[in-house]
Amino acid sequence: MPTHLPAFLDAPIPLRRLLTSCPALRTLTRIHALLIVSSSASSPNLLSSCLATAYARAGDLSAAESTLAGAPASPSSIAAWNALLAAHSRGGSPDEALRVFRALPPAVRPDSTTFTLALSACVRLGDLATGEGVRDRASEAGYRNDIFVCSSLLNLYAKWGAMGDAVKVFDRMPRRDRVTWSTMVTGFTNAGKPVEAIEMYRRMRAEGLKGDEVVMVGVIKASAATGDVRMGASVHGHLLRHGMRMDVVISTSLVDMYAKNGLFDQARRLFELTTSKNSVSWNALISQFAQNGHADEALGLFREMQVSGLQPDSGAVVSALLACSDLGLLKLGKSVHGFILRRLELDCMVVTAVIDMYSKCGSLASAQMLFNRVGSKDLILWNVMIACCGAHGRGRDALSLFQEMKKNEVRPDHATFASLLSALSHSGLVEEGKFWFSCMVNEHGIEPEEKHLVCIVDLLARSGLVEEANDLLTSTCAEPTIPILVALLSGCLNNKKLELGESTAEKILELQPDDVGVLALVSNLYAAAKNWEKVREVRKLMKYHGSKKVPGRSSIEFRGALHTFVMEDQSHPQHREILQTASKLDSEMRKMGYVPRTEFVYHDLEEGVKEQLLSRHSERLAIAFGLLNTSPGTRLVVIKNLRVCGDCHDAIKYISKIAEREIVVRDAKRFHHFRDGACSCGDYW
């Protein structure tokens with residue numbers, strides 16, 4: 001005999017209220033059991049929907065779904081299905097939410113909430129294709145211009161970079177609120193379209209809306225990307241004038257914006273005013289200092305971060321390693337490596353930075369040892385190790401690594417070939433360079449960029465194949481850049497191909513170079529061709545740009561401290577002894593046949609003065625310091641910010657023989673390992 005519900009439960013409205021307010025799953029299942037065994041409950045469809053909704057709210061989603069599946073489908077049950085969709089979304093299961101959406105019975109009519117929840121699940125999954133399917137169903141159901149559906153669709157497109165589609169949705173929306181504008185500004189910024197982000201912000205202001213903190217962060221990031229410091233500073237002022245909350249996210253974004261625009265003092269002051277600094281705040285400033293030639297400041301901040309009680313994460317240590325690489329601080333770089341081994345995981349990004357640091361600090365053997373220990377190597381790690389070998393003049397080792405990489409089924413990209421071709425160029429491996437350049441283009445379908453063309457042109461022209469290099473440029477490069485033309489011009493000068501050299505020099509001058517070294521090369525070519533009028537013209541340009549030239553600076557590490565030298569700087573406490581050592585070396589070199597190459601002094605001076613200037617080039621002073629302060633046989637590593645001139649290259653070969661030392665010089669292009677009167681580059685640099 002059927003069981004009848006108590007009178008107060010047999011009425012739909014009280015029962016619905018009870019189910020809506022029932023928080024305990026155990027109580028809910030008892031009520032459900034009563035409803036099943038009873039034959040007198042009215043409105044069974046309504047009660048099934050209420051039960052399913054209650055189960056969904058209580059977290060028993062399988063019970064909610066089975067209750068709905070067991071009841072006849074009707075348009076009125078959509079609220080229960082929506083509750084199930086929402087519960088899956090809240091529970092972090094967007095894929096399950098979409099499964100439920102696809103399983104909606106035909107009799108159930110999805111509403112605005114249904115489509116909004118389904119689109120939100122697509123956002124979390126990054127599933128654009130399914131999102132567009134949901135969009136089409138929403139349009140068919142009459143919700144094409146629904147504000148909630150449009151906002152969710154806009155969020156999907158903006159979150160996953162489909163900004164063209166986002167604009168179409170945005171432009172047809174009948175009403176736009178602050179969240180909608182914020183979505184567009186942030187979407188453009190994250191999609192790498194900062195100009196459009198700033199334009200969207202201007203449109204927003206023109207319509208009378210004020211941005212919230214989320215909008216401001218998007219605009220600040222866009223200002224940093226475009227270099228529009230005025231816009232970034234304007235946003236900063238707006239935040240201050242309107243008393244908006246300057247939380248750590250906004251402060252960090254502003255610090256990053258100022259630093260990326262070269263305003264390091266402002267960035268530092270704002271950073272110091274930030275009360276709740278986190279690791280992201282520290283990393284933002286440390287990385288910008290490290291990446292923009294302020295390595296000392298980056299390392300100082302790295303130390304301050306540890307003193308503040310925050311443990312540096314992988315981002316901070318990578319920046320610290322970059323700073324050590326820049327300065328050539330091997331001892332400190334080893335210390336950072338030790339910190340990583342004690343405190344952090346040596347993931348691919350960190351190990352790549354450590355290997356790069358060892359190589360750039362002159363210890364290729366340490367870089368190779370660490371590389372060999374890494375089990376799973378990604379493409380970036382292979383590229384860096386190939387580049388390291390190339391920078392040290394180990395072209396054949398670089399080629400062996402490249403072939404090993406291919407055996408491991410790692411596909412080379414444009415950066416791999418740039419590293420390989422540079423290595424082959426530094427080592428004068430002409431046939432290998434030609435072969436792999438052809439493979440890059442014909443087998444791998446990689447179009448040659450400037451960096452590839454500079455390497456192959458330099459390789460061909462330096463080896464005497466100047467016409468072949470020029471033909472290659474004619475066939476592959478419609479508008480060669482200054483670096484490419486300089487590589488060709490250098491080969492023309494070295495191989496006395498003066499006619500082609502003059503036409504190349506004209507092309508360089510048309511591009512208005514301001515590098516004194518480039519202009520000196522052009523002047524030397526015209527002098528070799530006895531075109532004295534052009535020589536005078538170029539020397540005028542050199543005199544004008546000479547005042548803008550970055551001074552040569554060389555550093556050497558001694559007992560963990562960096563000693564930096566600039567020509568004519570007398571501030572070093574051992575200045576007198578250093579000059580005496582340099583003078584003594586000069587005298588001994590001359591006895592061995594050294595003749596100063598005064599053509600590398602680009603000033604109209606007496607020959608004797610030119611010779612004295614050459615003897616006091618910064619790398620010569622750094623080497624003299626190293627010889628004064630280290631024991632016999634100690635390897636010297638010197639870091640120079642510019643290329644080593646031809647005269648210093650000759651001189652250091654003599655010094656390595658006189659002092660019986662290995663002297664390693666890292667210039668702006670590569671490493672030179674001098675030993676017993678010879679250089680690892682074979683005078684090919």
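Q: What should I know about the model and its numbering before I start?
A: The model is predicted, so local features need pLDDT of at least 70 and side-chain atom pairs count only at pLDDT 80 or more, while totals for chains, interfaces and linings use all residues. Residues are numbered from 1 along each chain as its sequence is written, and side-chain values use heavy atoms, with hydrogens and water left out.

Q: How do I read a nonpolar core, and which residues have the most contacts inside the largest one?
A: In soluble globular proteins, nonpolar side chains tend to be buried together. A nonpolar core is a set of buried Ala, Val, Leu, Ile, Met, Phe, Trp, Tyr and Cys residues joined through side-chain atoms within 4.5 Å. Buried means under 20% relative accessible area, exposed over 50%, and partly exposed in between (1.4 Å probe, protein chains only). Here the largest nonpolar core has 143 residues, and Ile355 and Met385 have the most contacts inside it. A second, separate core has 26 residues, including Leu585 and Ile655.

Q: What does Ile355 touch?
A: Contact means heavy atoms within 4.5 Å. Leaving aside residues up to four places away in sequence, Ile355 touches Ala367, Leu370, Phe371, Leu381, Val384, Met385 and Cys388.

Q: Is Leu98 buried or exposed?
A: Leu98 is buried, with a relative accessible area of 2%. Its place is in helix α6 (residues 94-102); helices (H or I, at least four residues) and strands (E, at least two) are DSSP runs, numbered from the N terminus. Not counting residues up to four places away in sequence, Leu98 touches Ala118, Ala121, Cys122, Leu125 and Thr130.

Q: And where is Ser419 placed?
A: Ser419 is in helix α25 (residues 414-426). Ser419 is buried too, with a relative accessible area of 14%.

Q: How do I read a sheet, and in what order do the six strands come?
A: Strands of a sheet pair through backbone hydrogen bonds, either parallel or antiparallel. Two strands count as paired if DSSP finds at least two bridges between them. In this model, six strands form an open sheet in the order β2-β1-β3-β4-β5-β6, with mixed pairing. β2 (561-566) and β6 stand at the edges with a single partner strand each, so one side of each is left without a neighbour in the sheet.

Q: How is strand β5 joined to β4 and β6?
A: β4 (residues 662-666) and β5 run antiparallel and are joined by five bridges, with Arg666 opposite Phe671 in β5. A hairpin of four residues connects β4 to β5. On to β6 (residues 678-679), β5 also runs antiparallel, through two bridges. Two residues lie between β5 and β6 in their hairpin, and Asp676 in that turn has a positive phi of about 55°. Four of the five residues of β5 (residues 671-675) are buried, so this strand is largely enclosed by the rest of the structure.

Q: At what angle do helices α33 and α36 pack?
A: Axes are lines fitted to C-alpha atoms, for helices over the stretch in contact, and angles run from 0 to 180 degrees between N-to-C directions. Helix α33 (residues 575-591) and helix α36 (residues 646-659) pack at about 95°, with axes 10 Å apart. That makes α33 roughly perpendicular to α36 (65 to 115 degrees). The contact is made by Leu585, Glu588 and Met589 of α33 and Ala651, Tyr654, Ile655 and Ile658 of α36.

Key: Angles under 35 degrees count as roughly parallel, over 145 as roughly antiparallel, 65 to 115 as roughly perpendicular and the rest as oblique.
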